[in-house]
There are 2 protein chains.
Amino acid sequence: MYSIGELSKRTKVKVPTIRYYEEMGLLSEPERTEGNQRRYDAAGLERLSFIKHARDLGFSIEAISKLIELQGHPDRSCQAASEIAVSQLSDVRAKIKRLRALEKELVRISKGCDGAGVSQDCYVLASLADHKLCRHEH
Amino acid sequence: MYSIGELSKRTKVKVPTIRYYEEMGLLSEPERTEGNQRRYDAAGLERLSFIKHARDLGFSIEAISKLIELQGHPDRSCQAASEIAVSQLSDVRAKIKRLRALEKELVRISKGCDGAGVSQDCYVLASLADHKLCRHEH
DNA sequence: GTAGTGTCTCTAGTAACTAGAGGTTCAAGA
DNA sequence: TCTTGAACCTCTAGTTACTAGAGACACTAC
Ligand SMILES: [Zn+2]
Ligand SMILES: [Zn+2]
Ligand SMILES: [Zn+2]
Ligand SMILES: [Zn+2]
C-alpha cells in the first residue's frame with residue numbers, strides 16, 4: 001500500500017494533482033487509513049501512470065476519462081480509442097502548423113531589432129502595429 | 001467615433017474581449033455617451049489592432065502591456081521590446097519541439113490501431129499504459 | 001511523549017477569455 | 001413623436017488543468 005506521497009514520488013505526479021484527478025473521476029477513491037489518509041494499491045499506481053503518460057502526450061482529461069472507461073470494458077470495440085488518438089494527432093499537427101507560421105514571423109521581427117535603438121524607431125513595435133509588414137499568414 | 005460593436009467588427013476582436021482588455025489596462029478607458037456607452041476614436045482603434053496583432057502572434061497580455069508602455073515613450077531604449085520578441089520566439093520554438101516529439105509518438109500509436117479490434121487488444125490503450133513502447137523522448 | 005513531516009479539506013488564484021442574466025440606450029422606421 | 005429591436009451596460013460565474021495556502025489532524029521515529 002502506498003501513501004499519496006509515495007505514489008507521487010513513483011509517478012512524478014504532484015500530490016495535489018493526484019487529489020485533483022480523483023475529484024475529476026479519473027482515479028477511483030482509494031482505501032483510507034483509520035486516520036483518513038489515502039492508501040493506494042498496485043492498481044492505483046498503474047492507473048495513475050496511465051493518466052500521467054496520456055497527459056504527457058497531450059490528451060485532455062476528458063479524453064483520458066473516455067479511454068479509462070473503455071479500458072474497464074475489455075470486450076468493447078476500441079473504435080473510440082482510435083478516434084481519440086487520431087483526433088489528438090490532428091490537434092497536435094494543427095498546433096505545429098500555427099506555431100511554425102508564428103516562428104517565421106517572429107524570426108523576421110526579432111532580426112529587425114537589436115535593442116540598441118529607441119522605441120520610436122523600433123522594428124518590433126512597428127511590426128506589431130502593422131500587419132502589412134508580415135511576410136506570412138498567421 | 002466608433003461604438004464597441006463597430007470596433008469589434010473592424011478588428012475582429014469580440015465585444016466582451018474588448019471590455020476585458022480595458023479591464024486589464026491594455027486599452028485606456030474611452031469616452032462615454034450620455035447613456036454610458038463606450039465611444040472610441042481612431043487612436044483606440046489603432047491600439048486595439050496592435051493588441052490583436054500581438055495576441056495573434058502569441059504574445060501574452062503581460063508582454064503586450066510592456067510593449068504598449070514602451071510605445072508611449074518614444075525616446076526610451078527599445079531593449080525591452082527586443083527581449084520580449086526574442087523570448088517569445090524561443091517560447092514558440094520550445095513548443096514546436098515538444099509538439100514534434102508528441103507528433104512522432106502519436107503517429108506510431110494511431111497507426112497501431114484501426115479501431116476494428118476490441119479494447120483488450122487495443123494498441124492505443126497498451127501504448128498509454130506502457131511508456132516503454134515509446135520510440136522517442138517526450 | 002514529543003518532534004517533525006506528511007496528510008487532510010477547503011478556498012482561491014492562474015491565463016485569457018466566454019456565456020448568461022437582467023436591465024438600459026440607441027437608431028431607424030411609422 | 002413613438003415604438004421596436006438590436007446593441008449596449010454591469011456583474012457573476014464557468015472554462016482547463018492545475019497550484020498555493022490556511023488551519024488542523026495523522027503518522028513515524030526516537
Ligand atoms: Zn527595437
Ligand atoms: Zn501579422
Ligand atoms: Zn484499438
Ligand atoms: Zn511515452
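Which residues coordinate the zinc ion (ligand 3)? Keep in mind during the tour that this is a predicted model.

**Stop 1: ligand 3.** Select the zinc ion (ligand 3) and show the side chains around it. C78(A), C113(B) and C122(B) coordinate this ion, each through SG, at 2.2 to 2.3 Å. Now colour by chain: C78(A) lies in the loop between α4 (61–71) and α5 of chain A, while C122(B) lies in the loop between α5 and α6 (123–129) of chain B, so the pair joins two chains. C78(A) counts as buried, at 2% relative accessibility. C122(B) is buried too, with a relative accessible area of 3%.

**Stop 2: ligand 1.** Next, select the zinc ion (ligand 1). Its coordinating atoms are the SG atoms of C113(A), C122(A) and C78(B), at 2.2 to 2.3 Å. Here C122(A) sits in the loop between α5 (79–111) and α6 (123–129) of chain A, and C78(B) in the loop between α4 (61–71) and α5 (79–111) of chain B, so this pair joins two chains. Are C122(A) and C78(B) buried or exposed? C122(A) has 3% relative accessibility and counts as buried; C78(B), at 2%, is buried as well.

**Stop 3: two helices in chain A.** To view the contact, show I4(A), G5(A), L7(A) and S8(A) in α1(A), which meet V15(A), I18(A) and R19(A) in α2(A). By class, this contact has 4 nonpolar, 2 polar and 1 charged residues.

Note on methods
Residues numbered from 1 in each chain as written. Chains lettered and ligands numbered in written order. Predicted model: local features only at pLDDT ≥ 70, side-chain atom pairs only at ≥ 80, totals over all residues. Heavy atoms only, no water. Donors = N, O, S within 2.8 Å, 3.2 Å for Na, K, Ca; no water. Helix = DSSP H or I, 4+ residues; strand = E, 2+ residues; numbered from the N terminus. Buried < 20%, exposed > 50% of the residue type's maximum accessible area, 1.4 Å probe, protein only. Contact = heavy atoms within 4.5 Å. Nonpolar A, V, L, I, M, F, W, Y, C, P; charged D, E, K, R; others polar.
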